[in-house]
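User: I want to go through some labels for this structure and what stands behind each one.

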Amino acid sequence: MTETIDALRGEIQENLYRMVGRFPEVATKNDYYLALAYTVRDRMLRRWVRTAKSYFDHSIRTVCYLSAEFLIGPQLGLNLLNLGIYEPARVALAGLGQDLEMLLDQEEEPALGNGGLGRLAACYMDSLATLEIPTIGYGIRYEFGIFKQQIREGRQIEIADRWLRLGYPWEVARPEIVLEVKLGGHTEAYTDATGRYCVRWVPQRVVLGSPCDTLVQGYHVGTVNMLRLWRAEATNTFDFQAFNVGDYSRAVHEKIVSENITKVLYPNDDAEAGKQLRLEQQYFFTSCSLQDMIRIYYQREQTLDNFSNKYVVQLNDTHPALAVAELMRLLVDEHRMDWEHAWSITERTFAYTNHTLLSEALETWSTDLFARVLPRHFEIITEINRRFLGEVRRLRPGDEARASRLSLISDGGQSRIRMAHLACVGSSSINGVAALHTRLLKQTVLADFYDLWPEKFNNKTNGVSVRRFVALANPRLANLLTEAVGPNWLIDADRLREIGKLADDASFRARWQEVKQANKARLAEHLAAAGGPAIDGESLFDVQVKRFHEYKRQHLNVLHVLALHRRLKHNPQDDAAPRTVIFGGKSAPGYMQAKLMIHLVNAVAEYVNADRETASRLKVAFYPDFNVKQAQVIYPAADLSEQISLAGKEASGTGNMKFAFNGALTIGTLDGANVEIRDAVGDDNFFLFGMTADEAARRKSQGYRPREIYEQNPELRAVLDLIASGRLSHGDTSTFQPLVRALLERDEFMVLADFADYVECQDRVSTTFHDRELWTKMSILNTARMGYFSSDRAIREYCRDIWEVDPLTIPVD
């Protein structure tokens with residue numbers, strides 16, 4: 001330990017001089033953060049070289065995880081933890097007059113994801129390295145990523161997220177690797193010297209892709225995998241001729257247009273230009289990734305015949321589904337492989353994870369746009385579709401309606417290319433991400449594919465990293481768990497089950513409560529620093545933090561807050577437990593209803609928090625700019641986890657798992673992974689309300705009339721009338737009318753139908769919270785029984801059932 005501390009201290013000082021160019025007397029906190037980060041990275045680099053050399057020597061089968069998002073979060077703390085030098089680094093820094101926690105706070109978070117999709121990808125990369133599975137993650141190095149969220153007058157304002165402004169020490173640029181990506185133009189058919197029919201793509205423009213590699217260190221192992229993120233560059237970054245004649249804009253035009261492809265995560269696609277940019281983004285990173293795989297493959301092999309034995313490519317939702325057509329183009333056009341052989345390789349290479357049941361989220365592209373941007377891929381997809389529908393008609397003769405539903409290209413009106421269908425046809429495996437989600441996939445959105453290929457379908461319930469979201473986020477709880485069951489729960493979360501027997505131990509419950517109270521005090525400080533209200537650490541921390549969307553039903557939570565406030569006003573003797581309701585999350589910039597929901601949350605917070613009569617009983621807070629760094633403060637402090645989407649709409653969710661691992665109790669519907677969480681933790685330790693997916697579908701089919709519910713429920717009518725009255729919007733009755741009208745006239749996600757049951761369930765929450773010993777016991781049992789929801793378990797299942805890969809142990813120094 002002493003030797004490690006001395007070595008770290010010396011390396012930090014050396015990197016302060018050599019890499020940062022500072023001496024201690026003038027060095028800032030950020031300078032010391034960079035010096036520590038480079039010190040950690042140096043140790044990882046040595047392991048990475050050994051890892052890469054071992055993969056090369058063994059020609060090992062490799063998982064390639066393609067995702068448009070990787071919400072990896074801050075890296076310093078996790079890398080210190082995984083290297084096993086967290087405490088030595090703290091001591092070494094103290095010897096230099098520095099505080100580790102302050103340096104951790106210096107790190108800018110790479111905002112390379114919008115929510116659960118990107119965070120899942122990051123958890124899986126952590127588990128793949130920890131389980132010693134050879135892996136490359138492929139994605140996009142967005143210059144600005146998702147936006148930073150500010151709240152002005154209650155409304156979301158999007159600010160550019162300059163996460164690279166102070167430098168990013170965790171990546172290694174590879175400027176020597178440059179790949180060409182074609183866009184636009186036209187195709188030309190010709191016959192080569194052997195008489196083979198060929199197609200040449202003549203592009204309108206060419207963009208270059210160059211990678212930046214981020215290292216992914218496994219927990220207490222020698223394995224360091226690679227997350228390779230692509231940035232776009234121009235073939236000609238500066239036009240001297242244009243500059244010399246004074247046309248300065250044209251001199252850098254090509255550079256600007258090319259680099260726009262990796263400028264921002266999910267550009268607003270309301271306009272045609274935004275749609276085109278998103279399509280170009282998706283093709284850019286899939287083309288670069290597949291070209292890179294082939295480049296690496298050829299370092300040892302002579303032909304591409306064994307490509308699908310070397311690589312298995314997991315498509316994380318439909319954003320990378322273009323990879324199916326691109327691999328066919330590369331094999332057929334660039335490497336002169338016949339169609340049947342190429343298709344056999346392609347089918348064996350890809351596996352597809354579906355993440356949504358929402359029809360609007362199943363990505364499609366207009367054929368006009370697609371053919372203009374990717375003319376060769378349009379031809380390839382058309383040919384894939386022709387052959388596929390021929391097989392469908394052979395297997396299901398005379399069923400043209402089925403053929404139309406299965407087609408990769410929709411007919412009628414404006415034809416569109418269905419990316420989920422392309423992924424299904426081009427993959428050997430199709431998986432959902434929770435048991436309910438997979439069942440509904442088979443029964444609804446992908447029912448025809450399931451009928452055709454039932455053997456392709458399987459479930460892989462999502463999981464989260466206990467290293468990131470317990471050990472790093474909640475060190476007080478992690479220390480208590482390690483003291484109780486030993487340290488191996490960090491690599492085998494099922495070991496947590498052993499703390500279940502301590503739930504009846506009064507002294508252990510007392511220590512559990514101390515941990516929770518300390519975490520709540522920390523969150524209260526962070527909220528105050530962010531401009532939030534002063535909150536009571538003894539109150540029930542009722543938390544809903546996630547992307548804002550109507551199906552996630554943050555407005556159901558808001559309606560309960562107003563109903564509770566009304567009860568407290570009318571009956572001050574009501575025995576409801578003191579409650580602090582905390583919201584957080586971002587809305588897509590163009591999603592006006594979700595942005596209005598954020599405005600409503602803040603308006604309700606202003607209204608409720610200004611009421612002195614209820615101030616000691618109820619507070620509401622919105623924590624702006626929710627991200628991974630904030631999540632590590634919020635999850636450990638929550639008493640109650642709000643997982644209240646309409647049953648049948650959430651694919652899985654992972655926030656539900658992070659809360660429960662940290663001892664929060666869940667109030668939720670039977671949606672997504674909630675079903676399996678409730679089964680795991682026990683019915684008595686889960687607050688269930690609402691319709692089932694089947695009940696919701698049946699009620700919709702019978703003619704759902706939300707206004708009747710409004711008219712028949714006085715409490716609901718009172719809170720909706722309050723919102724409509726303008727009292728929450730300084731007298732402006734028009735502000736929240738779109739939300740109120742949507743609920744009364746359409747209520748697509750059946751908020752009003754579940755309102756009464758939700759309120760009654762919240763009453764049960766309040767009654768239970770009054771009994772702190774019972775609540776604490778339930779909290780302990782939640783954590784104890786969550787082991788199944790570790791991302792390590794999920795990755796083991798992928799390796800066994802889909803990828804057919806084995807670990808390769810890399811020796812540690």
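User: Where is glutamate 171 found, and why is glutamate 171 called buried or exposed?

Analyst: Glutamate 171 is found in strand β5 (residues 171-173). Strands are DSSP runs of E, at least two residues; helices are runs of H or I, at least four; both are numbered from the N terminus. Buried means under 20% relative accessible area, exposed over 50%, partly exposed in between (1.4 Å probe, protein chains only). Glutamate 171 has 14%, so glutamate 171 is buried. This is a predicted model: local features need pLDDT of at least 70, side-chain atom pairs count only at pLDDT 80 or more, and totals for chains, interfaces and linings use all residues. Residues are numbered from 1 along each chain as its sequence is written, and side-chain values use heavy atoms, with hydrogens and water left out.

User: Which residues does glutamate 171 touch?

Analyst: Arg41, Arg141, Cys212, Asp213 and Thr214, not counting residues up to four places away in sequence. Contact means heavy atoms within 4.5 Å.

User: What makes the phenylalanine 469 and tyrosine 635 pair stacked or edge-to-face?

Analyst: The count of aromatic pairs comes to 23. Rings of Phe, Tyr and Trp (its six-membered ring) pair if their centres lie within 6.5 Å; planes under 30 degrees apart are stacked, over 60 edge-to-face, the rest tilted. For phenylalanine 469 and tyrosine 635, the centres are 5.8 Å apart and the planes at 75°, so the pair is edge-to-face. Phenylalanine 469 lies in helix α20 and tyrosine 635 in helix α25, so the pair ties together parts 166 residues apart in sequence. Phenylalanine 469 and tyrosine 635 are both buried.
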